[in-house]
Amino acid sequence: MKQVFVKSYGCQMNVYDAGRMADVLAPEGYAETSAMEEADLVVLNTCHIREKAAEKVYSELGRVRQVKHARAAQGRDTKVVVAGCVAQAEGREILRRAPVVDVVVGPQSYHRLPELIARAARERVVDTDFPAEDKFDHLPQASPERTRTRGIGAFLTIQEGCDKFCSFCVVPYTRGAEVSRPVAKILDEARRLAAAGVREVTVIGQNVNAYHGEGPDGVWPLSRLLAALAEIPGVARLRYTTSHPRDMSDDLIAAHRDLPALMPYLHLPVQAGSDRVLAAMNRKHTGDLYRRLVERVRAARPDIALSSDFIVGFPGETEADFEDTMRLVAEIGFASAFSFKYSPRPGTPAAELEGQVPEPVKVERLARLQELLETQRQAFNRGTVGRTVDVLLEKPGRHPGQLAGKSPYLQAVQIEGGAHRVGDVVPVRIARAGSNSLFGEPVAAVSAAAA
Ligand code: SAM
Ligand code: SF4
């Protein structure tokens with residue numbers, strides 16, 4: 001049996017794609033390994049969203065080169081694949097910069113990996129097409145055993161690409177136009193996941209709430225898809241990510257009220273609080289539109305945990321603009337968040353704008369924002385202490401006898417296992433909040449106030 005080592009960077013879409021790449025290679029006789037030194041095939045599934053993410057690939061390729069040479073000295077061949085968004089964006093340039101690479105393949109072509117690897121025996125190969133055929137139709141399903149090894153929660157891509165063209169973002173260029181997968185194929189994949197023991201399905205897409213897939217009776221929005229997914233036996237929990245404020249429709253907001261399987265957690269990136277900056281970002285919403293949206297979501301599901309993405313130091317961002325972001329954060333209160341310094345990306349409109357913000361200013365603003373967000377995260381976690389919440393048990397905990405799982409609000413929770421098992425949903429009274437995990441005791445039944 002040959003061995004493949006797959007390393008993924010960046011978003012959940014890449015985590016999902018990495019799994020599907022392993023699925024496409026399994027029938028070719030490749031078993032997955034976590035040791036690069038053992039691998040006949042090394043796949044780096046890359047991220048291009050910020051400069052730092054993209055540069056990681058080249059430093060990792062330095063390590064791959066050493067491994068490849070060491071294996072060659074023992075008479076063992078190693079093929080090296082660069083996949084994902086750096087592959088799409090840089091294509092042939094990767095072959096020039098990194099002679100160790102045999103195959104460059106974009107996110108829409110990885111179903112062709114077996115063929116590309118075969119060709120790599122003769123030549124170096126680049127495939128960054130957006131092929132007319134749908135890659136999902138050419139990807140084999142993972143066996144139940146393989147699915148089980150990946151855990152109790154699974155990502156399921158339902159939508160790819162983006163038509164929003166935020167001025168800072170490479171996604172519309174690397175992932176292409178927005179495409180929704182048909183309802184029947186998604187439900188089929190979810191049924192297989194559930195049959196293999198998956199209890200939580202997170203449907204994913206670059207703009208997941210823009211989902212509009214072909215259903216048996218016309219086009220379905222995300223809310224309807226979620227309702228159908230909730231009917232699948234074994235699926236205890238549903239989540240979706242990442243959403244755009246402009247696509248947060250009334251029916252989707254209502255689903256947070258009406259669908260018990262839909263967890264009370266929403267990742268809704270706002271990026272900034274200043275309307276001037278939001279306009280320059282081409283976000284097509286204002287700070288107030290976001291505030292009103294949050295009010296409506298909270299009216300539907302008062303306990304919902306909100307999460308967001310922020311960019312500081314966008315070109316032209318003044319101190320007053322940044323204060324607008326701080327004010328919006330202070331007003332809304334987030335349970336968790338991701339925040340980044342603006343990183344100019346080649347080919348995006350914002351990279352050409354005047355008024356690029358100096359690095360020390362970005363560093364200082366990011367530190368202030370992250371301090372506020374961290375305070376809010378800790379406060380949210382402390383707010384669950386004393387409550388009883390359902391915890392989906394995912395894996396053994398840090399110490400013998402402990403189990404680790406997730407609250408409905410996506411918080412990590414550690415419990416003393418007792419008779420419980422991975423995959424169970426257990427009511428847990430939260431006793432204490434640590435810096436990254438909650439700690440609690442299972443209780444007999446969920447109280448009326450529980451989630
Ligand atoms: N589609 C999602 C949305 O609209 O919010 C986000 C997709 S992107 C993979 C994840 C996050 O990366 C964005 O929300 C944004 O905060 C951040 N990001 C994207 N481009 C960036 C850039 N050039 N510099 C810094 N952060 C960036
Ligand atoms: Fe990028 Fe904007 Fe599309 Fe999100 S909505 S993927 S930030 S262009």
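Predicted model: local features only at pLDDT ≥ 70, side-chain atom pairs only at ≥ 80, totals over all residues.
Gln159 sits in strand β8, which spans residues 159-160. At 0% relative accessibility, Gln159 counts as buried. What does Gln159 touch, leaving aside residues up to four places away in sequence? The list is Met13, Glu178, Val179, Ser180, Ile204, Gly205, Gln206, Asn207, Val208 and Tyr211. Met13 is 146 residues away from Gln159 along the chain, yet their C-alpha atoms are separated by 9.8 Å.

The side chain of Gln159 also makes polar contacts with backbone nitrogens. A polar atom of that side chain lies 3.1 Å from the backbone nitrogen of Gln206, and the side chain reaches the backbone nitrogen of Asn207 at 3.0 Å.

### The ligands

Those two partners lead on to the ligands. Gln206 is among the residues that come nearest to ligand 1, along with Pro269, Gln271, Asp309 and Ser343, out of 15 residues around that ligand. Asn207, for its part, belongs to the set surrounding ligand 2.

| Residue | Atom in the residue | Atom in ligand 1 | Distance |
|---|---|---|---|
| Arg50 | polar side-chain atom | oxygen | 3.1 Å |
| Arg283 | side-chain N or O | oxygen | 3.2 Å |
| Ser343 | polar backbone atom | nitrogen | 2.8 Å |

Arg283 turns up again at ligand 2, in a shell that also holds Cys162, Lys164, Phe165, Cys166, Phe168, Cys169, Val171, Pro172, Asn207 and His244.

### Helix α8

Next up is α8, covering residues 183-195. This helix has 13 residues and runs 18 Å from its first C-alpha to its last, close to the expected 18 Å at 1.5 Å a residue. Its buried residues are Val183, Ile186, Leu187, Glu189, Ala190, Leu193 and Ala194. Viewed down the axis of α8, the buried residues fall within an arc of 160 degrees, so they line one face of the helix.

What do the buried residues of α8 pack against? Their neighbours are the helices α1 (12-25), α6 (144-149) and α9 (222-230), plus the strands β7 (153-157), β11 (212-215) and β12 (218-221). On the face turned away from the buried side, α8 carries the exposed residues Ala184 and Ala195. Just after α8 comes Gly197, with a positive phi of about 110 degrees.

### Helix α2

Helix α2 takes in residues 51-73. It has 23 residues and reaches 34 Å from first C-alpha to last, close to the 33 Å expected at 1.5 Å a residue. Buried along α2 are Ala53, Ala54, Val57, Tyr58, Glu60, Leu61, Val64, Val67, Lys68 and Arg71. These buried residues pack against strands β1 (2-8), β3 (41-46) and β4 (79-83), as well as helices α3 (84-90) and α4 (92-97).

Beyond residues up to four places away in sequence, Lys68 touches Thr78, Val80, Val100 and Asp102. Just after α2, Gly75 takes a positive phi of about 80 degrees.

Thr241 and Thr242 are joined by a cis peptide bond, with omega at about 0 degrees. Thr242 is in the loop between β13 (237-241) and α10 (250-258).

Asn282 is not a glycine, but it has a positive phi of about 60 degrees. Asn282 belongs to the loop between α11 (275-280) and α12 (287-300), and it is partly exposed, with a relative accessible area of 27%.

Leu410 is not a glycine either, and its phi is positive at about 65 degrees. You'll find Leu410 in the loop between β18 (402-406) and β19 (412-416). Leu410 is partly exposed, at a relative accessible area of 35%.

How values were computed:
Residues numbered from 1 in each chain as written. Chains lettered and ligands numbered in written order. Heavy atoms only, no water. Near = heavy atom within 4 Å. Helix = DSSP H or I, 4+ residues; strand = E, 2+ residues; numbered from the N terminus. Expected span 1.5 Å × (residues − 1). Buried < 20%, exposed > 50% of the residue type's maximum accessible area, 1.4 Å probe, protein only. Arc of directions from axis to C-beta. Contact = heavy atoms within 4.5 Å. Polar contact = N/O pair within 3.5 Å; in protein donor to acceptor, adjacent residues only side chain to side chain.
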